Amino acid sequence: MGVTILIGSQWGDEGKGKVVDLLSQSVDIVARYQGGANAGHTIVIDGKQHVLHLIPSGIFTPGVKCVIGNGTVVDPESLLAEIDMLQKVGIDLEGRLFVSHRAHLIMPYHKLLDAASEKRRNNSGKSIGTTGRGIGPAYIDKYNRRGIRIVDLLDRDVFEEKLRANLAVHNDTLQKIYGLDALRAEDIMEQYLNYDELIDPYVTETSALLNEALREGKRVLAEGAQGVLLDVDHGTYPYVTSSSPTSGGACSGLGIPPTAVDSIWGVVKAYATRVGNGPFPTELTDATGELLQRAGNEFGTTTGRSRRCGWLDLVALRYSVQLNGIDSLALTKLDVLNSLPEIRLCTSYVRDGKPLKHFPAEVSYLNNPQCEYETFAGWQQSLAGIERFEDLPPATIKYIQRIEEFCGVPVRLISVGPDRRQTLTRF
Ligand code: GDP
Ligand code: IMO
Ligand code: MG
């Protein structure tokens, strides 16, 4: 009764920011439930591009409230930079931005540990390719029950005690294992108590806020970050992030009951990309992959790294639909395929001559998959200016219909360019 969840159905960067911005027009609240500033969500309004890392993508819709939920990990420095950026472009945040006091803080040692452990893994060729935002180490502390939450900033003594206890452990690791300098509690205290003053107006009990709004009949859109295949349980582990981007993560990450959820959108790019390391069954390392990268401007929003590109993987998408209960698909970046003479869809993974029944858990298979493809004729024309689904070229319609048929879910939104206006809806 009132909650729509929107998730990335692949490896992130599907265009969630754009779709959330559009759907925000028919909701009262948009809420982030997991992850942190590892996300980079892009919104383009009248040709002007905005990138958000933590603040929900509903912030550009006047009147919509935005919640950063308890399941997220908040880097106050990054949050303040974002608040500043929004204020500079004239976005009013007063009474519109709410941050959970239960959310865990990203601390300076989390970022150092993230970078140092990646460097070490890299020496054995096994780095994950994280965004370096301290996400993994912050969630480790949370689950190890020593994390520092935003609420801890309220009491200077509590904060200091927790910080010193954490530094006792993490300075040891930084110095003895990674050969780095120890961090000083006094420096971090000063920095974080200063942040506290600046973020304090936004901090509140967000679960109560959301549940009260739902009782009043308000509509909430839960905005997933990352994507299903980066989920710590269901993704291509260990090449994943440290949270639960799947729809299941939204209830615990916001403190709302599953009975409040009534619809689930999956955002899917018309092809596939992955940034960072790990298996990518339909990856193209040839000229077509390069073309997709160039035409799609596939460079990471958060780190600037180039994104690996490949064909749309329907085996993975169907897995995603099943795991999350996706009932509507938003198909993005269809325009990037405009010039291709031929387009492929992966429709089966094969092992020992037989199609696999389930999306495999073994990285060893996913690294050396046998993918079977269906080939489609490209439409080789611009999609600009087309406003209705029926007016799309027949070859485009055929491609979309095959995706719908394979997954058993309707494509209800089609994006043909980064701008708000470059969108076709079927609702
Ligand atoms: P998110 O993390 O899922 O929000 O996606 P990102 O913002 O990281 O990456 C998506 C990129 O594609 C951004 O640069 C968007 O502006 C852009 N984009 C979104 N939809 C479309 C589309 O339909 N066509 C094109 N060409 N670009 C798009
Ligand atoms: P949005 O919300 C794409 C990837 C990283 C790395 C792995 C783990 O913009 O779609 P982390 O820093 O989370 O520990 O890195 O996850 N990753 C993303 N890839 N989009 C994202 O977010 C991502 N957030 C993390 O590249 O492979
Ligand atoms: Mg992104």
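Q: Which elements each supply at least two residues of the lining of the largest cavity?
A: They are β14 (312–313) and α10 (314–324), where helices (H or I, at least four residues) and strands (E, at least two) are DSSP runs numbered from the N terminus. This is a predicted model, in which local features need pLDDT of at least 70 and side-chain atom pairs count only at pLDDT 80 or more, while totals for chains, interfaces and linings use all residues, and side-chain values use heavy atoms, with hydrogens and water left out. Residues are numbered from 1 along each chain as its sequence is written, and chains are lettered from A and ligands numbered from 1 in the order in which they are written.

Q: What lines the largest cavity?
A: Its lining includes Trp 11, Leu 229, Asp 313 and Leu 317, and by class the lining divides into 6 nonpolar, 2 polar and 1 charged; Ala, Val, Leu, Ile, Met, Phe, Trp, Tyr, Cys and Pro count as nonpolar, Asp, Glu, Lys and Arg as charged, and the others, Gly among them, as polar. At least three lining residues come from each of domain 1 (2–100 + 202–266) and domain 3 (268–425), with bounds from an automatic or database domain assignment.

Q: Which residues come nearest to ligand 1?
A: A residue is near a molecule if one of its heavy atoms lies within 4 Å of it. Of the 19 residues around ligand 1, Lys 16, Thr 42, Thr 301, Asp 335 and Ser 415 come nearest, and the shell comprises 4 nonpolar, 8 polar and 7 charged residues.

Q: Which polar side-chain contact does Ser 415 make with ligand 1?
A: A polar contact is a pair of N or O atoms within 3.5 Å. A polar side-chain atom of Ser 415 lies 2.5 Å from an oxygen atom of ligand 1, and a polar backbone atom of Gly 417 is 3.0 Å from an oxygen atom of the ligand.

Methods. A polar contact is a pair of N or O atoms within 3.5 Å; within protein, one must be able to donate a hydrogen and the other to accept it, and residues adjacent in sequence count only if both atoms are side-chain atoms. On a 1 Å grid over the protein atoms alone, a cavity is a set of points where a 1.4 Å probe fits but cannot get out, and a pocket is an open set with protein on both sides within 12 Å along at least five of seven lines; lining residues have an atom within 4 Å of a point.
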